[in-house]
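Please look over the sequence and the model shown below, and then follow the account of them in the paragraphs after it.

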Amino acid sequence: MPSRARWVALLLLLAGVFAGLRWVAALPEPPEPAPIFTDEVVVVGVTGRPQLTEVDREVIEARLGEVQAGAIAIRPRYVGECAAAGWATLGAGRRTTVDGACSVEVRDGAVVGWDQRLAAASASRGDAKLGTLAGAVNGCVAAVGPGAALAAARPDGTLAAYATVEEFVAGGRATSCPITLIDAGDRADELISDLAADDTRTLIVTGIGPAPGSDDPASQVFYRVGTTFPGWATSASTRRPGVLTLTDLTRTLVEFGAGPDAPAAATIDGSPLAVEPSTLTVDGIADHLSAVAALSDTLPPAYVVLGSLAGLLVAVGVVGAVRRDARMVRTVATIGSVLPAAMLFTGVVPWEYSDRPLLTLSLTVLAAWAVFAAAAYGLARSLSVSPVIIASALTVAAFTVDAALGGPLQSGSMLNSRPIHALRWYGFGNSTFAAYATAGLLLAGYLAHRLLAAGQRRAAVVAVAIIGFGVVICEGWPSMGSDFGGVIALTPPVLWLVLVLSGIRITPLRLLLVAGAAVVGVGLISVVDWARGPDRRSHLGAFVQRILDGDALDVVARKAVASWETIASPSGVVAIILGVTVWVVAIRFVVPQAREEFSTLGPVVHAVMVAGVLGTVLNDAGVYVWLVATIALISPLAWFWADSALGGRELPRYTGETAAGTAKLHR
């Protein structure tokens with residue numbers, strides 16, 4: 001093993017590289033604030049508009065010097081709900097539902113059936129408060145058309161001003177309130193064209209939901225004219241140029257009508273509209289809308305392609321195991337172990353802008369897969385280390401670099417969530433967490449094994465702590481992974497692994513302290529994030545605000561319900577059966593056989609299992625966290641099983657302190 005001085009030098013080098021990456025991440029200028037500066041704003045909500053119409057093109061072309069544009073995520077509480085749910089979400093500032101009541105009627109200046117809509121919004125621990133927009137502004141909010149009435153209604157369901165589309169047109173399109181919301185139906189283009197000619201008002205055109213009779217959840221058109229400079233619309237909610245959400249628009253309208261310190265702003269999940277200054281073109285906006293759509297539409301068929309190749313790889317591995325061909329099994333295991341890093345690196349290539357995104361994405365992931373596999377083999381030979389361990393190191397390095405840079409690879413990564421789900425816009429998602437945590441624990445455990453073999457127990461403990469808690473920080477820090485559940489799920493396994501390698505006896509009290517440390521850790525990070533202010537907080541800081549507001553329990557309950565639904569589903573049952581099988585086989589057969597090549601594999605397997613279970617319980621992705629962690633561990637387990645059980649070892653056995661000094665790990 002390298003001397004202590006070399007380890008210190010390597011650690012300082014890696015710390016310097018990490019600090020340099022963080023410095024690079026801080027170089028770009030933040031988006032510019034984009035408040036509404038006119039006395040009135042008119043919002044025209046459109047349905048089923050994923051791309052610009054001819055009228056949109058004409059309006060934008062005429063005012064390119066001031067247009068701000070992007071794609072807007074229209075998802076209310078449930079994916080695929082009708083446009084009425086989008087209007088209700090705009091009025092509440094939080095995703096909500098109409099429970100199938102898609103027809104809206106206004107009678108005597110109030111929304112008919114308002115009490116039923118309030119009940120639908122609050123059902124299943126819903127925390128959206130209908131009427132937030134109208135109740136927060138100082139002036140009135142007018143509605144034109146039935147859908148707009150849902151967003152413009154006061155908390156009691158009454159409307160300050162309401163007109164049908166025909167009445168609005170007959171009245172010369174005059175507005176009586178600072179904010180006017182319009183549900184124009186099939187007359188939307190007509191009204192947009194007429195309203196755009198008036199430069200005394202800010203005009204916002206936004207997708208609000210799928211077309212009538214459709215459940216298409218695709219992101220839609222957003223643009224506004226009557227601004228100070230052109231650029232891509234964005235917000236702190238998404239941190240993506242040219243992407244925002246309906247609740248961001250709510251927050252922007254509230255700040256326009258009541259100022260940024262409005263008391264009701266705390267009950268709104270969105271962030272104020274911001275702008276990445278840029279010279280836009282009509283075709284450029286159209287290309288951007290298509291690219292955002294491709295991020296959602298291309299991933300399912302791409303998963304089929306990748307899954308088919310992975311299935312073929314597994315079949316080859318099974319054939320190798322049946323034939324007791326150790327080399328074949330090890331080759332398959334090595335190729336499989338670099339797949340998470342390859343999936344992450346699809347974010348390097350802007351495949352979503354390609355004319356054939358599925359082909360481009362498929363070729364990108366295959367190329368990255370081949371490069372990482374070759375690198376794992378090449379480095380393994382030069383370092384005399386198992387290629388699956390090198391693969392884990394490459395995976396940890398790739399995810400850590402991405403975290404240090406602020407997660408720029410996540411938006412185009414095959415590990416990220418699709419925009420139509422409107423979930424993880426920035427930082428690390430649940431699949432990323434599971435892959436990152438598994439690779440980090442495996443790497444830390446193997447390095448501890450090598451250090452223990454060299455008689456350096458203290459160095460082994462320090463190495464596990466540095467790698468483990470380094471992954472925790474990258475996973476949870478607001479400007480990096482920003483993963484609330486990941487910190488809680490990964491901190492206990494890391495602490496437990498440190499305790500085991502230290503030779504400290506594990507007691508119930510110490511386990512309780514380990515769990516408490518996880519809560520304290522995520523609490524400190526969340527409070528730091530909360531202190532940055534409402535316009536810069538991630539969802540970690542937003543959760544602190546929810547605690548202060550007294551409605552955090554609703555979030556926890558909904559996540560618990562979402563997690564349970566994945567577990568109770570047919571695919572969840574299959575995942576549990578697969579996972580339990582893998583863990584039993586690993587603990588009963590693989591760990592004992594691989595003990596001499598990887599003396600700490602037992603504690604590592606248990607740590608990964610705990611991380612998978614906690615990640616399942618604490619995240620709304622549920623059992624899929626467990627499944628990804630299980631799949632990520634299969635390849636390393638297969639490699640060490642083949643190396644020890646099938647003969648033809650590639651690595652020498654490590655002796656030294658391992659046999660005696662680490663025997664207590666397996667008692």
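Is R239 buried, exposed or partly exposed? At 35% relative accessibility, R239 counts as partly exposed, where buried means under 20% relative accessible area, exposed means over 50%, and partly exposed lies in between, as found with a 1.4 Å probe on protein chains only. This is a predicted model, in which local features need a pLDDT of at least 70 and side-chain atom pairs count only at pLDDT 80 or more, whereas totals for chains, interfaces and linings use all residues. Residues are numbered from 1 along each chain as its sequence is written, and side-chain values use heavy atoms, with hydrogens and water left out.

The average pLDDT of the protein, that is, the predictor's confidence in each residue from 0 to 100, is 87, and 93% of the residues score at least 70. Over residues 654–664 the pLDDT is below 50, and this stretch has 25 contacts in the model beyond near neighbours in sequence, a contact being heavy atoms within 4.5 Å.

R239 is found in the loop between β11 (231–234) and β12 (243–245), the helices (H or I, at least four residues) and strands (E, at least two) being DSSP runs numbered from the N terminus. Most residues other than glycine have a negative phi. R239, although not a glycine, has a positive phi of about 55°. D99 is likewise not a glycine and has a positive phi of about 55°; its place is in the loop between α3 and β4, where D99 is exposed, with a relative accessible area of 63%.

The loop between α3 (83–92) and β4 (106–107) also holds T96, but T96 is buried, with a relative accessible area of 0%. Leaving aside neighbours within four places in sequence, T96 is in contact with residues including P76, R77, E81, A121 and L130.

The interior can be followed next. Beyond its neighbours within four places in sequence, I389 is in contact with L442, L443, Y446, F598 and F640.

I390 has its place in helix α15 (residues 387–404) and is buried, with a relative accessible area of 8%. With neighbours within four places in sequence left aside, I390 is in contact with A375, A376, L379, A380, L383 and V385, while the C-alpha atoms of I390 and A149, 241 residues apart along the chain, are separated by 59 Å.

Two helix pairs remain. The axes of α17 (residues 457–476) and α18 (residues 484–502) come within 9 Å and cross at roughly 180°, the axes being lines fitted to C-alpha atoms over the stretch in contact, with angles running from 0 to 180 degrees between N-to-C directions. That makes α17 roughly antiparallel to α18, since angles under 35 degrees count as roughly parallel, over 145 as roughly antiparallel, 65 to 115 as roughly perpendicular and the rest as oblique. Helix α10 (residues 282–297) and helix α11 (residues 299–322) pack at an angle of about 45°, with their axes 5 Å apart, and are therefore oblique to each other. Their contact is made by A294, L295, S296 and D297 of α10 and L299, P300 and P301 of α11.
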